[in-house]
Amino acid sequence: MNNKPVISRSGNAIDEAAIRRFEMNFRGRLVKSGDADYNSARRVWNGMIDKHPAIIAYCSDKDDVINSVNFARSHDILVSVRSGGHNIAGNAVCDNGIVIDLSRMKKVVIDAQSKTATAQAGLTLGELDNATQAYGMAVPVGIVSKTGMAGLALGGGIGWLVRKHGLTCDSLLSAEVVTVDGQLRTASAGENPDLFWGIRGGGGNFGIVTEFTFRLHPLKQVMGGMVIYPADNAFEVFRLYRDYIAAAPDDLTTMLALLPAPAPFLSKRIMNVPLVAVHVCYSGPLDKGEQILKPLRHLGEPVQDMISIIPFQEMQSMLDAGAPPGLMNYWKSSYLKDLQDDCINEVLLYFSAVPSPLTQIHIQHLQGAMGRVREDETAFSHRNALCVLNIVSKWIDPAGNEKNIQWTRDLSRALEPYAAGAYVNFMGDEGQDIVRAAYSPGNYNRLVQLKNKYDPTNFFSLNQNIKPET
Ligand SMILES: Cc1cc2nc3c(=O)[nH]c(=O)nc-3n(C[C@H](O)[C@H](O)[C@H](O)COP(=O)(O)OP(=O)(O)OC[C@H]3O[C@@H](n4cnc5c(N)ncnc54)[C@H](O)[C@@H]3O)c2cc1C
């Protein structure tokens with residue numbers, strides 16, 4: 001099969017000789033449309049995304065990233081950047097252009113003395129955990145271990161340690177960034193501090209991060225897992241949960257999840273009935289865990305209690321089975337200022353008519369350490385939100401697209417009166433107003449100034465895009 005031509009953004013076909021020269025200097029591998037693995041290489045986690053890039057450039061090191069940026073810039077080729085490929089909007093891939101893929105760059109160095117981890121961008125959360133847990137330490141990351149670390153960290157990063165240690169980007173000490181001019185720049189408090197501010201919440205708008213250095217936090221075991229209640233009592237469970245989290249310690253991060261037809265890891269007795277799961281991760285002194293978690297285990301009559309002392313890595317991968325790649329996925333999310341009765345009622349009303357048994361609604365408790373960072377300290381905003389709500393719609397058959405998307409949009413619209421901003425990492429392709437809603441007005445303006453400085457032509461446009469001023 002012939003390869004798809006590489007077309008510039010202005011519609012010109014790129015000379016074959018130029019592509020060959022690029023290939024000769026590239027140490028990793030270029031996958032083109034004629035290659036046997038092209039179809040698997042162009043796929044991302046969300047099965048709804050079906051894009052056809054001209055080239056997928058699997059980089060082996062930072063020089064490959066620099067060469068790819070220089071090649072794409074000098075020929076005006078559309079670029080997308082992929083690390084873990086988990087982005088729900090599918091921004092990691094593009095049509096006709098080049099996917100600069102860092103997923104094979106997986107080196108990680110732990111410095112136990114200074115408690116730092118220097119990690120290349122291609123690591124998944126689980127791979128980073130493997131490396132850090134070997135030293136009894138952790139970086140606060142997200143809740144599904146297969147997720148890409150790079151995209152998650154650049155958008156913020158909410159996980160089981162968010163209340164104790166803040167967002168993933170709050171533990172970032174420095175990063176190596178390839179900017180549009182092909183320069184490799186360090187972004188840290190001491191070097192290019194404006195860029196360092198922007199990449200902590202501003203996503204991939206300013207360049208390609210090849211390597212991150214994180215602060216490590218000692219942690220081996222947690223008291224964690226989930227306790228499950230029947231959905232008939234969901235309203236009461238919600239209210240008691242809301243009252244409990246109002247005074248929860250920072251050592252505890254929890255998430256309430258509505259599950260229409262739960263996963264097979266539950267006992268047969270409660271399969272195929274709607275349930276409410278309260279997920280917990282308590283990372284404080286373990287001898288205090290029982291007492292602290294007791295009220296959450298009695299928000300009603302539980303049908304299953306799976307909370308125990310477990311290795312932190314087990315906590316980190318507990319939800320992996322519920323997030324397989326390749327399904328149709330359409331998400332909508334927002335922060336919530338509070339959990340009013342009316343808001344709970346809306347959620348439960350829509351939940352009672354959820355069109356797919358695979359869909360879940362997550363409400364994750366925030367604040368704690370995340371809320372103690374000043375809003376202008378990083379690009380990430382909404383530091384005072386009580387919770388982040390995510391409507392995680394998923395289904396198998398594309399014939400169900402319209403029905404599931406409509407239900408998700410309707411629920412999201414019904415929750416607008418209670419919403420307080422958006423989180424870039426959970427967003428689909430939702431337009432500029434929602435991107436703005438992810439930031440405070442002051443932070444958004446500062447991001448535009450940074451975009452003018454570091455990427456004035458919007459070369460890095462496939463992301464939750466901050467548009468430069470024209
Ligand atoms: C199953 C699942 C679970 C999730 N759980 C959580 C969670 O617990 N907490 C949370 O906060 N988020 C979570 N997310 C959202 C997640 O943070 C985003 O999907 C994020 O984009 C994943 O990073 P990635 O490297 O896989 O992104 P990719 O899909 O590879 O890339 C997405 C975008 O990120 C940018 N990007 C990626 N790599 C780089 C790089 N090296 N340099 C510059 N820009 C880059 C680019 O703009 C790119 O378009 C989850 C997503 C999924 C699918």
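Helix H5 gives the most to the shell around the ligand, contributing five residues. In this predicted model, the ligand is surrounded by 38 residues, and the closest are Gly 84, Gly 142, Gly 148, Gly 151 and Gly 204. Sorted by class, the shell holds 18 nonpolar, 19 polar and one charged residues. The table names the elements that each supply at least two residues of this shell.

| Element | Residues | Supplied to the shell |
|---|---|---|
| Strand E3 | 79-82 | at least two residues |
| Helix H5 | 149-155 | at least two residues |
| Strand E10 | 208-215 | at least two residues |

The domain assignment divides the protein into domain 1 (16-101), domain 2 (108-218 + 441-454) and domain 3 (221-426). The centres of domain 1 and domain 3, taken over C-alpha atoms, are separated by 35 Å. Five residues from domain 1 and eight residues from domain 3 take part in the contact. On the side of domain 1 that touches domain 3 there are three nonpolar, two polar and no charged residues.

An open sheet is formed by seven strands in the order E15-E12-E14-E13-E17-E18-E16, with antiparallel pairing. Strand E15 (304-311) and strand E16 (328-336) stand at the edges with a single partner strand each, so one side of each has no neighbour in the sheet. From one strand to the next, the twist averages 15°.

Within this sheet, strand E17 (residues 360-365) and strand E18 (residues 387-395) run antiparallel and are joined by six bridges. Gln 360 stands opposite Val 392 in E18. Helix H12 (residues 401-414) lies across E16 and E18, and runs at about 0° to E16.

Key: Residues are numbered from 1 along each chain as its sequence is written. This is a predicted model: local features need pLDDT of at least 70, side-chain atom pairs count only at pLDDT 80 or more; totals for chains, interfaces and linings use all residues. Domain bounds come from an automatic or database domain assignment. Two residues are in contact if their C-beta atoms, placed from the backbone, lie within 7 Å. Ala, Val, Leu, Ile, Met, Phe, Trp, Tyr, Cys and Pro count as nonpolar, Asp, Glu, Lys and Arg as charged, and the others, Gly among them, as polar. A residue is near a molecule or strand if its C-beta atom, placed from the backbone, lies within 6 Å of it. Helices (H or I, at least four residues) and strands (E, at least two) are DSSP runs, numbered from the N terminus. Two strands pair if DSSP finds at least two bridges between them. Axes are lines fitted to C-alpha atoms, for helices over the stretch in contact, and angles run from 0 to 180 degrees between N-to-C directions.
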